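Let me put the sequence and the structure up, and then I'll talk through a couple of helices.

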Amino acid sequence: MAPPLRHARLKLSQGQWFWHEQGIRGPAIVLLHGAWHTSQQWVPVMARLSQNYHCFAPDLLGFGESERPDRPYSIALLAEGLAEYLESLRLREVYLVGDSLGAWVAASYALQHLDQVQGLVLLSPLGVEVKGQASWRGAAWLMGKPPVLVWLLRGLGPILRLLGHWASLDRLWQVYDQYQQSPTACQILFQRRRAEIQAEQLQSQLPWLKRPVLLLQEMPASPVAEARIQVYARALPQAVVKQLPTGPSRNCWADAPDRVADQIHQFIGQRHPSASA
């Protein structure tokens with residue numbers, strides 16, 4: 001039986017952080033959510049890991065139930081907040097697990113705190129530049145437009161349906177509505193100057209990430225997602241790449257939390273045999 005799931009809040013210099021916590025023994029695992037999710041995404045995975053590990057899943061600053069201060073957001077800001085969070089909890093040695101944006105934060109943090117991070121599990125990570133158009137370009141463009149323009153474009157739906165463009169437009173609105181729920185992620189990913197985003201990308205720094213890394217690729221994956229994994233794998237020769245199939249949600253942590261937990265457990269258990277017992 002899994003230990004009880006606990007919830008906590010902590011006031012830090014940047015603002016209040018909220019997190020889920022489960023388990024009391026074993027190596028500490030900190031799980032960082034993706035761009036369009038919150039710490040809640042990791043609860044099913046934590047339930048399976050918490051018998052062997054002490055698990056923490058925070059809402060990053062500006063997400064979920066953590067505070068949303070009115071300030072410019074960046075990967076550096078989130079990594080600084082993570083550093084203060086771990087210091088406040090006296091977590092001196094941790095494994096970091098991150099999904100998409102959370103993986104970018106985890107890798108950025110590890111590059112600055114190699115002595116503290118024992119290993120990383122990066123699921124479909126962002127943080128490197130690859131060629132090709134990402135699927136969110138159209139919705140990203142809409143995010144910066146006046147609400148009245150968005151309303152007018154939505155009104156064109158029936159006409160576009162007759163012209164055979166409804167499927168692509170429907171997908172556009174689904175992504176746009178998703179983005180509306182996560183303004184912090186929108187600001188970090190595509191509402192900053194391009195130079196600011198490029199300055200935080202990791203391709204030139206990854207060779208310095210001298211820590212065990214497990215790269216998890218959700219399948220089927222877009223060409224852009226596959227390209228990102230390849231950049232990480234080439235820069236991290238010691239990294240292990242595993243593919244995980246997805247189901248209806250297209251998120252392996254939701255469709256197959258057992259498989260995700262098993263991969264994390266195997267990765268950490270190789271370095272902590274006592275946790276595998």
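Two housekeeping points. This is a predicted model, so local features need pLDDT of at least 70 and side-chain atom pairs count only at pLDDT 80 or more, while totals for chains, interfaces and linings use all residues. Residues are numbered from 1 along each chain as its sequence is written, and side-chain values use heavy atoms, with hydrogens and water left out.

The big picture: we have 12 helices and 8 strands, taken as DSSP runs (H or I, at least four residues, for helices; E, at least two, for strands) numbered from the N terminus. Of the 277 residues, 51% are buried.

Now, α10, residues 223-235. Which of its residues are buried? They're V224, A225, R228, I229, V231, Y232 and A235. Looking down the α10 axis, these fall within an arc of 155°, so they line one face of the helix; that arc is taken over directions from the helix axis to the C-beta atoms. Turned away from that buried side, you find P223 and R234, both exposed. And what covers the buried residues? Among others, β6 (117-123), β7 (213-219) and β8 (240-245).

Last one, α12, residues 257-269. Its end C-alpha atoms are 18 Å apart, which agrees with the 18 Å that 13 residues should span at 1.5 Å a residue; the expected span is 1.5 Å times one less than the number of residues. The buried residues of α12 include V260, I264, F267 and I268.

Note on methods: Buried < 20%, exposed > 50% of the residue type's maximum accessible area, 1.4 Å probe, protein only. Contact = heavy atoms within 4.5 Å.
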